[in-house]
Amino acid sequence: MAVKCPKFLGNVCSLQVALWGVAVWALFAGNALAALPEGVHRLQRNDYLVAADLTYVETQTSELVLADEHLLAANSTAAFTFDPAAATLEVLEAWVLQPDGQRLDVPAENIFTRPSAAARNTPGFVASQTTTIEFPQLRLGSVVHCTWRHVVSKPAVFGFNVVFALGLGGHMRQETRIEAPSSVPLQWGQRGGFAVDDAQAGSNRVLTAAIDVGALSPAEASMVSPMDVGPVFVATTLAGYEALGAVYAARSAGKAAPTPEIAALARNIVGDAKGLDAARAVHDWVAAHIRYVAVFLNESDNVVPHEAATVLRNGYGDCKDHVVLMQALLGTLGIRVLPALVNWGISMEPLPLWSSASFNHVLAYLPDFDTYANPTDPFAVFGVLDNGLADKLTVIASGDGEKRQTPAQTPASNTYQYNAELSVDADGTVHGKVRMTLSPGADGAVRRVLAGASSLAALANQLLQATPEGGYGEIRSTNPRDLTKHLEIEGQ
């Protein structure tokens with residue numbers, strides 16, 4: 001799965017999966033300062049014009065007062081990513097209003113379009129493009145303004161989905177307007193104080209949502225996602241979570257078809273193992289042998305897996321591809337595997353309404369054993385979900401779809417034992433020995449660090465150099481890539 005959003009002026013964005021949903025920003029007349037309420041630094045307004053077939057035109061206007069050094073440093077550009085195979089993008093307005101009232105239009109040479117780069121946490125290749133506006137002559141008190149028109153001529157796989165998540169972005173006003181034929185099954189939800197009006201205008205339905213946000217508390221260390229605590233507005237044409245699972249299942253049908261090569265590989269991997277032991281062996285093989293690379297070269301790539309035979313031949317794929325290969329291998333052994341859509345990360349609170357933007361990852365679900373697995377992660381033990389996946393809303397991709405909850409972690413699966421011995425010489429030299437054993441729910445990050453180190457000796461010295469005492473030492477551990485054994489570490 002992949003989440004795509006436009007970047008403009010801070011931490012407010014509309015999140016849409018699978019070629020977006022719909023967003024149209026209405027145009028402002030005149031200069032920016034007249035439109036900004038007292039105390040508002042950011043002003044964003046969108047007006048969605050949706051056709052009966054869920055194609056749309058999106059016009060998007062945003063402006064921001066560079067009221068402090070942080071805003072000035074962080075917002076010299078505005079960018080919009082789009083899919084040229086399904087949409088066109090045009091910059092209608094881009095200018096800077098200086099504190100003395102002088103308006104500087106952004107020249108054409110300051111606006112450029114280039115192939116998009118895949119996200120750092122999604123290594124791979126994408127076919128989308130990004131248009132960037134570079135604002136000139138910025139200073140404290142400048143107002144930056146831009147208006148985009150995004151015309152989408154091909155409906156998204158999951159229909160119309162739009163989410164405005166303000167997070168911890170304060171001193172702003174967000175306005176949204178959606179107009180669609182009454183026949184479009186549009187549903188909406190909100191939390192955090194959006195004022196919503198749902199009305200008829202002739203044969204069309206007009207939905208508006210607005211909110212003013214003042215000063216907010218700063219982010220805390222190790223907190224959940226700001227998306228969980230800030231205001232959120234959601235609109236979608238999906239009928240429910242189950243409908244989302246059914247769409248995914250229909251679009252991915254046939255991708256796990258086995259081949260003679262896949263059948264032979266499955267027998268070779270599992271040997272005489274049966275049931276969960278066979279499933280564990282296949283999971284561990286896929287996790288160890290299929291690299292994570294995402295290749296999104298057409299509009300359905302971010303929601304439809306590649307064929308299992310292709311994934312095996314390439315030796316790489318994204319989360320959907322890891323799951324589809326596991327489906328194919330275990331399918332030859334009579335073990336069912338279903339994709340399970342989930343949000344992998346620190347967002348713990350579901351959106352106020354179902355949406356394709358609720359999910360960014362696919363797990364493998366074994367219904368006959370009520371077991372979840374994450375073959376995308378080469379350091380995740382079969383059947384154990386880490387903190388970013390445990391106790392999360394999930395949708396099983398099947399003919400009718402199914403809304404479920406992933407298992408919560410237990411104390412027994414999330415513990416470690418640490419034993420240390422220290423001695424101090426007369427000259428103050430400290431000698432230490434340590435032994436550490438970790439349970440499967442707690443060892444993923446440690447396995448990753450051990451496997452990624454250039455050498456265990458270098459890792460030991462790196463860890464010791466970060467302490468007030470410094471020093472040098474060595475580390476020994478069990479194989480961090482062997483998921484069949486508890487991770488044990490010794491150091492001195």
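Biologist: Before we start, what counts as "buried" here?

Modeller: A residue is buried when its relative accessible area is under 20%. Keep in mind that this is a predicted model.

Biologist: Okay, then how many residues of strand 14 are buried?

Modeller: Five of its five, so to speak of residues 161–165, strand 14 is mostly covered.

Biologist: Which way do the side chains there point?

Modeller: Asn161, Val163 and Ala165 point one way, while Val162 and Phe164 point the other way.

Biologist: Which strand does strand 14 join up with?

Modeller: Strand 19, residues 232–236, through five bridges, with the two running antiparallel. Within that pairing, valine 162 has alanine 235 as its bridge partner.

Biologist: What about strand 6, buried or exposed?

Modeller: Strand 6 covers residues 56–65, and nine of its 10 residues are buried, so the rest of the structure largely encloses it.

Biologist: Which strands pair with strand 6?

Modeller: Strand 5 (residues 42–50) is joined to strand 6 by nine bridges, antiparallel. Strand 13 (residues 143–152) also pairs with strand 6 in the antiparallel sense, over 10 bridges. For landmarks, arginine 45 stands opposite threonine 61, and leucine 64 has valine 144 as its bridge partner in strand 13.

Biologist: How many residues sit between strand 5 and strand 6?

Modeller: Five, and the two strands form a hairpin. Leucine 54, in the turn, has a positive phi of about 70°.

Biologist: Switching to rings: how many aromatic pairs are there?

Modeller: The structure holds seven. Take tyrosine 241 and tryptophan 354: their ring centres are 6.2 Å apart and their planes sit at 70°, so that pair is edge-to-face.

Biologist: Where are those two in the chain?

Modeller: Tyrosine 241 is in helix 3 (residues 241–251), and tryptophan 354 is in the loop between strand 23 (338–342) and strand 24 (361–366). The pair therefore ties together parts 113 residues apart in sequence. Tyrosine 241 has 7% relative accessibility, so it counts as buried.

Biologist: And how are tyrosine 365 and tyrosine 372 arranged?

Modeller: Their ring centres are 4.6 Å apart with the planes at 35°, so the pair is tilted. Both tyrosines are buried.

Biologist: Which residues do ring pairs link into a cluster?

Modeller: Tyr48, Phe160 and Phe164.

Biologist: Helices next. How do helix 5 and helix 7 cross?

Modeller: The axes of helix 5 (residues 275–289) and helix 7 (residues 319–331) come within 10 Å and cross at roughly 140°. The two helices are therefore oblique to each other, and the crossing is right-handed.

Biologist: Which residues make the contact?

Modeller: On helix 5 they include Ala278, Val282 and Trp285. On helix 7, His322, Leu325 and Met326 are among them.

Biologist: Last one: what's the strand order in the open sheet of four strands?

Modeller: It goes 28-29-31-30, with antiparallel pairing. Strand 28 (416–424) and strand 30 (475–477) are at the edges with a single partner strand each, so one side of each has no neighbour in the sheet. The twist averages 10° from one strand to the next.

Biologist: What packs on that sheet?

Modeller: Helix 8 (residues 444–452), which touches strand 29, strand 30 and strand 31. The direction of helix 8 makes about 55° with that of strand 31.

Note on methods. Residues numbered from 1 in each chain as written. Predicted model: local features only at pLDDT ≥ 70, side-chain atom pairs only at ≥ 80, totals over all residues. Heavy atoms only, no water. Buried < 20%, exposed > 50% of the residue type's maximum accessible area, 1.4 Å probe, protein only. Pairing = 2+ DSSP bridges. Phe/Tyr/Trp six-rings, centres within 6.5 Å; stacked < 30°, edge-to-face > 60°. Axes fitted to C-alpha atoms, helices over the stretch in contact; angles between N-to-C directions. Parallel < 35°, antiparallel > 145°, perpendicular 65-115°, else oblique. Left-handed = near helix turned anticlockwise from the far one by under 90°. Contact = heavy atoms within 4.5 Å.
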